[in-house]
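Please look over the sequence and the structure before reading on. The paragraphs below then go through the structure part by part.

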Amino acid sequence: MGHATFFSELPRLRALLPVLTWRDLRVRYKQSLLGIGWAVLLPVSMMLLFTFVFTRAIGGASAFGVRMPYPLYAFAGLVPWTFFSTSLGNCVNSLVANRNLVTKVYFPREVFPLSCVASALVDFAIALLVLIALIVYFHLRGDWTFTPTPALLFVPVVLLIQIALTVGLGMILAMANLFYRDVRQVFSIAIQLWMFVSAVVVPLPHDGSFWAKLFALNPLVPIISAYRDCILNGHGPDGGAFLYAAVVAILFLIFGWVGFRRASFRFAECI
Amino acid sequence: MDRPAVRFSHVAKRFRLGETHDTLRDLLAYGVRRLLGRGTGDGRSTFWALDDVDFEVARGEAVGIIGPNGAGKSTVLKLLAGILRPDRGAVSVDGRLAALIEVGAGFHGDLTGRENLFLNGAILGMSRDEVRRKLDAIVSFAGIERFLDMPVKRYSSGMYARLGFSIAAHVEPEVLLVDEVLSVGDAVFRLRCLERMRRLVHSGTTLVFVTHDLDQMQSICGRAIVLEQGRVAHEGPARDAVGHYMSAMSRAFADRPADLHADDDGRGGTVELLDLRWFDADHEEVVWVRPGQGIRAELTLRLVRPVRSLVVELNMRAATNEPLLSLNSGRGDRMFNGDAGVHRIGLRLPEIPLSGGQYFWNVRIWDAEHGTTLLDTPFRFPMVINDGGHGTGALCLDHEWSFDSVEAATAASDNSLSLQGEGWGEGALVGVTPHPASPLKGRGAGGEYPPGLGGAREDLPVR
């Protein structure tokens, strides 16, 4: 056997991933009355909260350039955002929380951050059903029309790019937190800020200012906008920006994964 | 087939002491110290847990790894399992590997026994179908049928351990690594675990077994490696290795007598334990004891105030922490009447009927008049019984063999059996020679009785 290479460990990884994902989901929803219902309730309540803020407290969302019912706009952003932030939030802790396994059993350690992303993906799929219900509701109400276009077929590509970015970042965060526990604290603040610069609930400025240019570096903006464009606006994503996000995502995936593997043999002694 | 199942070539493993930076603040502080030139050099903050350890295990062989705490036994297993990586040298394992370093590692308290079974099975490398196929066997081996659908957080620690071991024992690996896990569970279950391991070895599994229980080790492993301070101190047949280990232990105790003056010896209390020593019949202080040797303990106490009914109790435990012996001076209504001052209390033991190993004593002193405990030390007074590495089994009793021939004379009857040897321990039959039986010296668990072949009746005195 020698020391396992990436490819020799793939079968093991494939066998373990579903099991640990199932464990994460099972444990998360055990002893909870609503169970998997929380996967629906969390983004829905966030959507209601922001709808209240932007339509009652601050005033019309149209001031920001939103040309569709605001709840729809917000929910279409919150669903991928929740997937992203939940995944990373779980990844940060994934190695430290499984200390017992990391120090007592050997298997490819990637499975910990990967299963965090996979279990959040299940929640994402459920929330997507709610988005469909919301689209049907607003379409039937008549103040906005849904037109299915071929751009819908691009959604899986957007999802894959988002997963690549999430997995890459998740691996970096998981191992960074193993070596320095501060990472988790910093992360919990940073993720709040990140939401507001990712066009999740409110569009970002496009005025060519310094801030607008800075926000444009955030790879999550083109990804979240791409979901909205492909599903609600009926056209494909902004080509250049999305390509940029895709490249950044793939670079994160490669460097995150390689770095994780290189460091993984030190996990057991440093945890 | 000639390739060894496990190869451990010139492996060294270094660990850091202290200086791991768990928070950024530590790292910053450390960086500043380094910049100011007050940093601690790397050499001082690391130590070599293993240093040039080299061995191989052939396919189907069972090898024990023994040695005192901190000798690097568990590090060897973790390197074999791939949990750690060597700093020097190379480790290779050929074949499907299962490592049982902790039973039930990865169990989740909120999940039921059944759910954990699938989870742990997958973690140890079993497929879902495999777990499903072996489910009944695993559950009945663990004896938890009724509790299968209960969350394991409500399991007793014994049930938890039984389920954990049972899963690992059913992985059917080609190479099995077991670390000191059989100290859990009750005696019956421990025996079944050993039996299971033995059967795996018989069916061709390669076993590397780390344990403190020398009996368990010898009963399964043919060969053993003694580790001392990260180096291989001895390698050879299990019995020789145990003998080596025990003499090394004896020497270590001779160099470093038990530290008698720990805080818990009652300083400041009514009774202070000043000294505990063992002497042999010639009044020489004893470093290690031979089975059957008569010894005498001498305790020196200081009483701060008079105690009218003083009871002294000496208790002994095995290295595995099992209580073995309790000697209580109050049992024969012998209470000492002690004035304030220093007293010496003697205890004579004609022999200690235990086989070789490491044992620990504690001292307890009571005031029987008021029913209070005046002193109760931890089990930290060691005693090594050195039987030269021959004993398996806990006890070592005087015994006597006899040999009668009941029916004489077929053609082959000239071939009588001779029993010889310094036979201590299992199976004292050494050879078949055409001589009448010669005296057999033996102590310990008996061997197989010879089949009824001709020969003169002979009583075989023992010792």
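**A hairpin, a sheet and packed helices**

In chain B, β13(B) and β14(B) form a hairpin with four residues between them. In the turn, B:N321 has a positive phi of about 80°. Strand β13 covers residues 307-318 of chain B and strand β14 covers residues 323-328, and the two pair in the antiparallel sense over five bridges. Strands here are DSSP runs of E with at least two residues, helices are runs of H or I with at least four, and both are numbered from the N terminus. Two strands count as paired if DSSP finds at least two bridges between them.

The model is predicted; local features need a pLDDT of at least 70 and side-chain atom pairs count only at pLDDT 80 or more, while totals for chains, interfaces and linings use all residues. Residues are numbered from 1 along each chain as its sequence is written, and chains are lettered from A and ligands numbered from 1 in the order in which they are written.

Chain B also has an open sheet of three strands, in the order β2-β1-β4, with antiparallel pairing. β2 (46-57) and β4 (88-93) of chain B stand at the edges with a single partner strand each, so one side of each has no neighbour in the sheet. Neighbouring strands of this sheet are turned by 30° against each other on average, direction ignored. Strand β1 (residues 6-16) of chain B is joined to β2(B) by eight bridges, and the two run antiparallel.

Next come the helices of chain A. Two packed helices are described by the angle between their axes and the distance between the axes. The axes are lines fitted to C-alpha atoms, for helices over the stretch in contact, and angles run from 0 to 180 degrees between N-to-C directions. Helix α3 (residues 70-97) and helix α6 (residues 155-179) of chain A have axes that come within 7 Å and cross at roughly 30°. That makes α3(A) roughly parallel to α6(A), a term used for angles under 35 degrees. By class, their contact has 12 nonpolar, seven polar and no charged residues. Ala, Val, Leu, Ile, Met, Phe, Trp, Tyr, Cys and Pro count as nonpolar, Asp, Glu, Lys and Arg as charged, and the others, Gly among them, as polar.

How many residues of chain A are in contact with chain B? There are 25, and they touch 30 residues of chain B; two residues are in contact if their C-beta atoms, placed from the backbone, lie within 7 Å. On the side of chain A that touches chain B, α1(A) gives the most, with six residues. That side has 14 nonpolar, four polar and seven charged residues. α1(A) packs with helix α3 (residues 113-123) of chain B at an angle of about 145°, with the axes 9 Å apart. Among the residues that make this contact are A:L16 and A:R23 of α1(A) and B:E115 and B:F118 of α3(B).

The predictor gives the complex an ipTM of 0.84 and a pTM of 0.72. Chain B averages a pLDDT of 77, where pLDDT is the predictor's confidence in each residue, from 0 to 100. Over residues 412-463 of chain B, pLDDT stays under 50. Where pLDDT is low, the predicted coordinates should not be read in detail.

Notes:
Angles under 35 degrees count as roughly parallel, over 145 as roughly antiparallel, 65 to 115 as roughly perpendicular and the rest as oblique.
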